[in-house]
Amino acid sequence: MALPDIDFTPYLRRAFALAEETAAGGSHPFACVLVDGAGAIVMEQGNAYHPHHDMTGHAERVLATRASQTWRPEALADMTMVTSAEPCAMCAGAAYWAGIGRVVYGLSEARLKEITGDHPENPTLDLPCRDVFAAGQRPTVVVGPLMEDEAAGIHERFWAAR
């Protein structure tokens, strides 16, 4: 795996901005970007709950699906998914099956659960993505949480209004 060391700040800020845009559009504030080995954002995705009320329309799952339809696992192994919040078990599984080589996230699943509590719209699976990836047979590098207070603020504002 030839994953370069990079400053994830601008990519996280883009994911946070997309999460805010997604929330403004009525969906839950989750978003992610896919970064290639040269540092270019090659794909973006916000939560895709609307318009079909898809409970599996998490940004990371949808991005992993789109990415796997665009690139083979060998190419995705050199890419990084940068996401506003830690991928849930479903989304980590999708990133794993797509072959994405690295996942970087802002808000941890544990802190998200503290923010949302038992809200019926977000029955959080507090299972670290590292545990999901560790059960696999190919390596997935995980970095996070990063800029967690900034990421948490998006969710604190959103869920307080629900």
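Met147 is partly exposed, because its relative accessible area is 24%, where partly exposed covers the range between buried, under 20% relative accessible area, and exposed, over 50%, as found with a 1.4 Å probe on protein chains only. The model is a predicted one, in which local features need pLDDT of at least 70 and side-chain atom pairs count only at pLDDT 80 or more, while totals for chains, interfaces and linings use all residues. Residues are numbered from 1 along each chain as its sequence is written, and side-chain values use heavy atoms, with hydrogens and water left out.

Met147 is found in the loop between S5 and H7, where helices (H or I, at least four residues) and strands (E, at least two) are DSSP runs numbered from the N terminus. Its phi is near 50°, a positive value in a residue other than glycine. The loop between S5 and helix H7 (148-160) also holds Pro145, which is joined to Gly144 by a cis peptide bond with omega of about 5°. The loop between S2 and H2 has features of these kinds as well: Pro51 lies there, and a cis peptide bond with omega of about 10° joins His50 to Pro51. His53 is also placed in the loop between S2 and H2, and it has a positive phi of about 55° although it is not a glycine. At 48% relative accessibility, His53 counts as partly exposed.

The strands can be taken next. Five of them form an open sheet of mixed pairing, in the order S2-S1-S3-S4-S5, where two strands pair if DSSP finds at least two bridges between them. Strand S2 (41-46) and strand S5 (141-143) are the edge strands, each pairing on one side only. Neighbouring strands of this sheet are turned by 15° against each other on average, direction ignored; the axes are lines fitted to C-alpha atoms, for helices over the stretch in contact, and angles run from 0 to 180 degrees between N-to-C directions. The pairing of S4 with S5 is parallel and extends over three bridges, and Val141 in S5 is the bridge partner of Arg102.

Helix H1 (residues 9-24) lies across strand S1 (31-35), S2, S3 and S4, and runs at about 145° to S1. Thr22 belongs to this helix and, at 13% relative accessibility, counts as buried. Leaving aside residues up to four places away in sequence, Thr22 touches Ser27, His28, Phe30, Gly46 and Asn47, a contact being heavy atoms within 4.5 Å.

Which residues of H4 are buried? They are Cys91, Ala92, Gly93, Ala94, Ala95, Tyr96 and Ala98, so that helix H4 (residues 89-98) is mostly covered, with seven of its 10 residues buried. The cover over these residues includes helix H2 (59-70), helix H3 (73-76), strand S3 (80-85), strand S4 (102-107) and helix H6 (129-134). Just after H4, Gly99 takes a positive phi of about 100°.

The largest nonpolar core has 22 residues, and those with the most contacts inside it are Leu34, Leu63, Leu76, Met81, Ile100 and Phe133; such a core is a set of buried Ala, Val, Leu, Ile, Met, Phe, Trp, Tyr and Cys residues joined through side-chain atoms within 4.5 Å. S1, H2, H4, S4 and H6 are the elements that give two or more residues to this core, and its largest share, five residues, comes from H4. Apart from this core lies another, of 21 residues, among them Phe8, Leu12, Phe16 and Phe30.

The structure holds two aromatic pairs, where rings of Phe, Tyr and Trp (its six-membered ring) pair if their centres lie within 6.5 Å, and planes under 30 degrees apart count as stacked, over 60 as edge-to-face and the rest as tilted. Tyr96 and Trp97 form an edge-to-face pair because their ring planes stand at 80°, with the centres 5.4 Å apart. The rings of Phe158 and Trp159 have their centres 4.9 Å apart and their planes at 85°, so this pair is edge-to-face too. Tyr96 is buried at 12% relative accessibility, whereas Trp97 is exposed at 66%; Phe158 is buried at 11%, and Trp159 is buried at 7%. The charged end of Arg138 sits over the ring of Tyr96, 5.0 Å from its centre, which requires NZ of Lys or CZ of Arg within 6 Å of the ring centre and within 35 degrees of the ring normal.
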